[in-house]
Amino acid sequence: MNQSQTTNILVVGVGGQGVMTASEILSEAAISQGFDVKKTEVAGMSQRGGVVSSHVRFGTTVLSPEIPPGEADILVGFEAAEAMRWSHYLRQKNGASGGVAMINRLKLEPPIVSLGLFAYPDDPVAAVRARGLEVHDFDAGEIARELGDLRLVNTIMLGAISDNLPFPAVTLKECIVARFAAKKPELGELNAKAFELGKAAGKK
Amino acid sequence: MSAKSFTPPPAGSRLLMSGNEAIARAVWDAGVRVAAAYPGTPSTEILENVARYPDLYAEWSVNEKVSLEVAIGASIAGARSFCAMKHVGLNVAADALMTLTLTGVVGGLVIAVADDVGFSSSQNEQDSRFWGRFAHLPIMEPSDSQEAYEMTLAAFAFSEKFNAPVILRLTTRICHVKCLVEVGAREVKRAADGFVKNPARWVMVPANAQKRVPEVFAREKALIEESATSAFNRLEPGSDKRVGFITSGPAYMHVREAFPESPVLKLGISYPVPMNKVRELDDQVETLVVVEETEQLLETEIRAEGIPARGKDLLPAAGEMPPFVLKKHLAPLFPELRDAADSAAAPLPAPMPVFPRPPTMCVACPHLGVYYTLSQLRNVTIAGDIGCYTLGAGHPWNALDTTICMGASMGMALGMDKGRGPNDEKKNIVAVIGDSTFMHMGMQGLLDIAYNRGNVTVLLLDNRTVGMTGGQDNPASGRDIRGEAALQIDFAKVVESLGIAPEHIHVIDPYLLPVLFKTLREEVKHNGPSVIITNRPCVLIDEYKKEPPFEVIETACTGCGNCVEIGCPAIHVTRREKAIKPSGKEVELAFVNIETAACTGCGLCLQPCAPDAIRPAAPKAVKVEFV
């Protein structure tokens with residue numbers, strides 16, 4: 001199997017959170033390193049607050065765009081219950097090669113939970129950890145709020161996983177900064193700061 | 001959202017492109033002069049991207065049949081032409097297709113049809129490969145974006161060579177998967193002599209049409225020969241001779257990944273099937289396995305040739321065939337896979353079920369008030385249609401009773417009126433349809449209601465865009481595909497022209513619940529057709545203007561839960577309590593707050609709030625999370 005040569009990153013969250021932008025940036029960074037890349041989403045009617053999962057795969061040659069369950073190297077959870085929903089996609093700890101879950105502690109209750117039809121899990125992060133997976137969790141929203149713009153959650157989450165990639169963290173950082181600086185120079189600086197804070201938070 | 005024009009990257013560029021983007025580039029590079037489509041997931045972005053390129057005509061058509069007819073007209077006028085649609089769109093366009101196969105083409109004509117394998121956003125999962133058999137037309141199936149680019153280019157030349165429209169069959173995993181594509185240069189080709197009158201070919205009356213039939217079968221024979229030798233149909237060697245795979249589209253990538261040592265016949269032209277290559281593979285291996293998304297089609301045809309093949313006896317009958325599904329179901333042929341499934345490296349089981357997160361209507365969506373009102377009406381049957389408002393079938397409204405296909409609400413409502421039994425005598429029949437769906441296939445149905453004196457109340461929800469596919473322009477938006485000013489339809493006039501009496505046509509603001517409720521109550525009592533048009537724009541388009549947000553006065557909220565029934569995602573229940581009413585009845589109270597960062601101030605929730613517990617929110621410094 002060629003799985004060992006392919007890096008599999010599953011980015012999950014709720015429609016509107018920026019999951020697809022995050023995976024797009026990851027893909028660009030991987031391309032800049034000369035990797036073959038495939039990126040795919042299951043995002044049916046995601047613009048309407050549904051589940052979004054984006055698969056990013058890169059390596060020498062990538063065939064199927066879909067990450068098989070149990071083969072994700074990194075699970076990036078933009079929302080806690082969504083990370084739990086997709087936790088079986090992470091590679092089991094098998095010696096040193098287990099996958100890593102990076103989870104934003106944010107809890108977004110959909111209307112059907114608000115209406116009392118379903119319960120939100122008490123502690124989704126603990127549930128993922130209890131499965132024997134390596135989990136890092138922090139409140140990306142809090143960091144973003146301190147920086148003054150909640151949209152920075154995206155960059156913070158990418159910063160958080162940047163030390164787990166098969167290329168230097170600075171490569172990803174440069175991709176992000178270039179992307180936002182192209183819109184406005186000060187956005188580049190702000191995102192650089194968010195990236196570094198995310199990088200530090202992801203080590204916890 | 002309108003297509004933003006751009007400078008196309010030069011030939012030789014390597015770009016991260018979705019299949020849809022790659023096809024758009026190929027359409028431009030092939031020198032197509034006319035391209036048309038009606039939006040539909042997963043095909044929508046093809047025309048959105050085509051329209052970004054210069055020097056070609058692109059349009060949003062009102063439905064797929066019209067888009068194909070536009071492409072046919074352009075083709076016989078000598079231009080290369082293109083149309084794109086989702087799988088169910090070709091049902092609508094099929095009337096044109098089934099005779100187009102007789103006339104053939106002049107300028108190359110390619111029809112991209114995108115199947116929603118996996119049901120991400122459709123009412124069925126039909127397999128468009130059948131059209132090749134039905135219409136005797138070639139089917140080409142790319143396996144990734146690079147192939148989508150190359151095949152689309154080749155399809156135009158193919159179409160001209162064989163005098164046949166080519167069906168480019170896509171699935172969600174082609175349309176929406178991004179990968180690297182190397183693009184080429186543009187080359188504009190056109191027939192020099194324009195449209196040439198030729199009634200025997202272009203006027204398909206019976207005498208002319210039946211003379212075309214032998215040509216269709218001669219063409220099919222030529223296509224079989226082409227398919228037998230085409231480089232798009234590739235036999236890839238492999239050292240593991242136990243199983244040889246026959247596959248096409250994204251399933252090819254899945255097979256290659258799951259069984260890297262097995263020989264594979266990859267079909268780029270999947271109809272007609274190159275049986276010579278199937279036999280060649282069969283000679284090399286113990287067992288042939290056909291992996292197809294989704295129906296058992298190639299397998300049946302191969303077996304009909306007397307070649308033993310397996311497939312659907314082992315694999316799922318529907319849905320996608322990713323590597324883990326293939327490995328699981330083909331383990332009987334690969335015993336080593338069973339051992340792997342028991343190893344420590346096997347994936348964890350799925351977690352304890354997490355609540356579902358179905359799509360919801362947006363904050364301040366103008367449909368919210370409509371469904372809140374419908375949910376308060378007793379004795380109604382509500383025929384629904386295809387669009388965001390189909391979500392009205394869900395919680396908390398539960399106010400939509402049927403959905404079949406584009407425009408069906410009209411005819412079905414009339415049928416429910418005419419076919420009603422004694423139990424339904426007092427029922428009021430309501431039909432709900434959006435602006436785009438009404439123009440697509442609803443207008444004829446309304447005419448039928450008017451003509452046949454149907455007792456139906458129609459809610460025409462005009463939000464001035466194709467909402468569910470991401471906000472494309474249409475004749476209700478007043479802009480064309482490039483964002484330029486265009487006709488803006490006057491629905492009240494159209495509806496009147498279709499035979500609805502002016503006193504039973506109402507144009508109202510769906511944010512005004514009392515007006516909506518009163519109008520609806522009166523019109524369902526009217527024994528005859530009426531149309532209520534709502535006129536607020538979709539919150540996702542430029543016309544929508546946000547208002548200052550609201551908040552809940554915690555101490556004033558009595559937990560009545562009325563606002564929750566609106567179904568706005570910005571309203572959250574913070575706690576529930578049981579209480580005893582003076583009558584002795586136990587009720588559940590739901591105390592709420594409003595997520596002010598998400599609220600855009602439509603004011604719908606204020607209206608049913610009994611204790612006036614909702615007020616304008618104090619300004620906040622932090623920007624909103626959802627943009």
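1. Chain B and chain A share 16 residue pairs in polar contact, counting pairs with both residues at pLDDT 80 or more. A polar contact here is a pair of N or O atoms within 3.5 Å; within protein, one must be able to donate a hydrogen and the other to accept it, and residues adjacent in sequence count only if both atoms are side-chain atoms. On chain B, the elements β8 (178–182), α10 (250–258), α13 (323–329) and β20 (571–580) each supply at least two residues of the side that touches chain A. Helices (H or I, at least four residues) and strands (E, at least two) are DSSP runs, numbered from the N terminus. That side of chain B divides into 36 nonpolar, nine polar and 11 charged residues. Ala, Val, Leu, Ile, Met, Phe, Trp, Tyr, Cys and Pro count as nonpolar, Asp, Glu, Lys and Arg as charged, and the others, Gly among them, as polar.

2. A word on the basis. This is a predicted model, in which local features need pLDDT of at least 70 and side-chain atom pairs count only at pLDDT 80 or more, while totals for chains, interfaces and linings use all residues. Residues are numbered from 1 along each chain as its sequence is written, chains are lettered from A and ligands numbered from 1 in the order in which they are written, and side-chain values use heavy atoms, with hydrogens and water left out.

3. Extent of the interface. In chain B, 56 residues are in contact (heavy atoms within 4.5 Å) with 63 residues of chain A. The buried area is about 5,500 Å², and carbon and sulfur atoms give 62% of it. Buried area means the accessible area (1.4 Å probe) that two parts lose on being put together, summed over both.

4. Charge pairs across the interface. There are five salt bridges between chain B and chain A. The criterion is a side-chain nitrogen of Lys or Arg within 4 Å of a carboxyl oxygen of Asp or Glu. R357(B) and E79(A) meet in a salt bridge, at 3.2 Å from N to O.

5. Strand pairing between chains. Strand β2 (residues 36–42) of chain A pairs with β8(B) in the antiparallel sense over two bridges. Pairing requires that DSSP finds at least two bridges between the strands. K38(A) stands opposite C179(B) in β8(B).

6. E320(B). This residue lies in the loop between α12 (298–304) and α13 of chain B. Its side chain and that of R173(B) are joined by a polar contact of 2.6 Å. Neighbours within four places in sequence aside, E320(B) is in contact with E66(A), V117(B), R173(B), E293(B) and V325(B).

7. Salt bridges overall. The count over all chains is 46. D163(A) and K203(A) form a salt bridge at 3.0 Å, N to O. D163(A) lies in the loop between α6 (153–161) and α7 (169–181) of chain A and K203(A) in the segment after α8 (185–201), so the pair ties together parts that are 40 residues apart in sequence.

8. Backbone checks. Most residues other than glycine have a negative phi, and most peptide bonds are trans. The peptide bond from T41(B) to P42(B) is cis, with omega near 10°. P42(B) is found in the loop between β2 (34–37) and α2 (44–50) of chain B. H395(B) and P396(B) are also joined by a cis peptide bond, with omega about 0°. N163(B) has a positive phi, near 55°.
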